[in-house]
Amino acid sequence: MAVPPGLPVVIVGGLHADARRAAVARLLAEVPGSVVLHHDLATAAAGTVVRTVRDAGGILDAGEAPLVNDCACCALREDLVPELERLRDAGATRLAVVELWDSVEPKAMAEVVAAGGLTVTGVITAVDPALVLPYLANGDDLADGGLAAAATDQRTVADTFARQLEYAPVLAVADSPEADDEDRELLAQLHPTALRVAIGQDTSAQDTSVQEAPGPGRPPGPGAADGDGHGAPGAANGDRLDTPGVADRDGLGAPGAADRDGLTAPAPRLRPLSPLARAAFAGFDVEAAAAAQHPACALLPAEADAHGVSTLVWSRRRPFHPERLYAALEDLTCAAARSRGRFWLADKPDTLFHWDAAGGALCVESAGPWLASLPDAAWEMVPPVRRAAAALDWHPEHGDRGQHLVFTSPGLDRDGLERLLESCLLTDAEYAAGRDAWQRLPHAFDTLLEV
């Protein structure tokens, strides 16, 4: 496998710091000529962000970046691309590994790197399966644990971890002795399209394995293993990385390099790429990844029930009564470790609402109009992936309007949850009254939405 032109950049993130460090160390050990760029935001209280560049042998360079608008994450954004450009222009780096600080989310950094004209070839979130439920259930503010990226950072541990987990097409899964079948099943159901690559905490270990994760009827994500266990196109099992000018593990130089006696050294032996290294070079589409996070076209988990973990997919073509749904929010939010999707309020028939809950906290926000509410001329301004998703689920009367909520949790009370959701829909009489009557219902969500 030849190194892509320019400087390949793989982003490795995750709140599970030990797993993240193990994944980064594995990449350094397995990809000759790779370096790690890391910005430590823990020093932000002192007014700076500490930047280090290291390879498998240790630190190559260190420096500081001043805060921007009193924001450590903003300083990272300002400093990241120039440092990557410096590595690219020096010409000696075969892979730049951007190791994100604990609470930094990969989506923002992938978009920064791509906007800077560099090539993101992979996004990996490192996970300890034994910690998935504890982190997903942790509603504490990041600031309480010293993990906030700015003074104004109001994110929680749970929602940050959920976004880190669900954005990445590749999960580097630590070999955790504390993890059981329920932990591994929860991880699989939360992100069924991800390629899961096993890594050991001991980075000297040689074996790595690929777990194939696409759920029923779900296409594999970018770089995901296919049904035969092979990697992404162009990065099949047995691929080898051609890294001219970089010594291999046996100390052999590039083809044609002179040894001490003036003789030409033998060509380096090319080594098979591990699943983790293949994932780092597999390719990543920043625009497609962003579209996949939009509630109108997100590839949400499918129905599942195994090892004590369940995923309930609930879809209906009738709007919610705003007052009854609002009254049920607390029970619905606490019903599952993770829930997400889109929903339709009767009093706001043209607005698509996003449901995003983790750690006992719920975020509800407008995600723009339903396509059915737009004039035909406006459809040309809608991304093709959004139009395609609507077309696949179009209703002759309501268009793309509807409820699609997904709840994933150990010990999920599926029957009780379905009954509660059904009770929040318009009754037959309310539904028959029509849209004019619906819009006169109490606007119970206005305060929550700050309308």
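## Strand 13 and its cover

Buried here means under 20% relative accessible area, exposed means over 50%, and partly exposed lies in between, with a 1.4 Å probe and protein chains only. The model is predicted: local features need pLDDT of at least 70, side-chain atom pairs count only at pLDDT 80 or more, and totals for chains, interfaces and linings use all residues. Residues are numbered from 1 along each chain as its sequence is written, and side-chain values use heavy atoms, with hydrogens and water left out.

Strands (E, at least two residues) and helices (H or I, at least four) are DSSP runs numbered from the N terminus. Strand 13 spans residues 351–358, and seven of its eight residues are buried.

## The sheet around strand 13

Two strands count as paired if DSSP finds at least two bridges between them. Strand 13 runs antiparallel to strand 12 (residues 338–343), and six bridges join the two. Across this pairing, Arg342 faces His354 of strand 13. With strand 14 (residues 361–369), strand 13 makes seven bridges, also in the antiparallel sense. Phe353 stands opposite Ser366 in strand 14, and Asp356 has Cys363 of strand 14 as its bridge partner. The two strands form a hairpin with two residues between them, and Gly359 in the turn has a positive phi of about 65°.

These strands belong to an open sheet of six strands with antiparallel pairing, in the order 10-11-15-12-13-14. Strand 10 (304–306) and strand 14 are the edge strands, each pairing on one side only. From one strand to the next, the twist averages 10°, taken between axes that are lines fitted to C-alpha atoms, with angles running from 0 to 180 degrees between N-to-C directions.

## Nonpolar cores

A nonpolar core is a set of buried Ala, Val, Leu, Ile, Met, Phe, Trp, Tyr and Cys residues joined through side-chain atoms within 4.5 Å. The largest one has 57 residues, and Leu84 and Met109 touch the most other members. Helix 2 (residues 72–90) gives the most to this core, with eight residues. A second, separate core has 26 residues, including Val10, Ala19, Val36 and Ile199.

Contact means heavy atoms within 4.5 Å. Apart from neighbours within four places in sequence, Met109 is in contact with Ile11, Cys73, Leu76, Arg77, Leu80, Leu100 and Val104.

## Cysteines

A disulfide is a pair of cysteine sulfur atoms within 2.5 Å, and by this rule the count is zero. Cys363 is partly exposed, with a relative accessible area of 36%, whereas Cys424 is buried at 1% relative accessibility.
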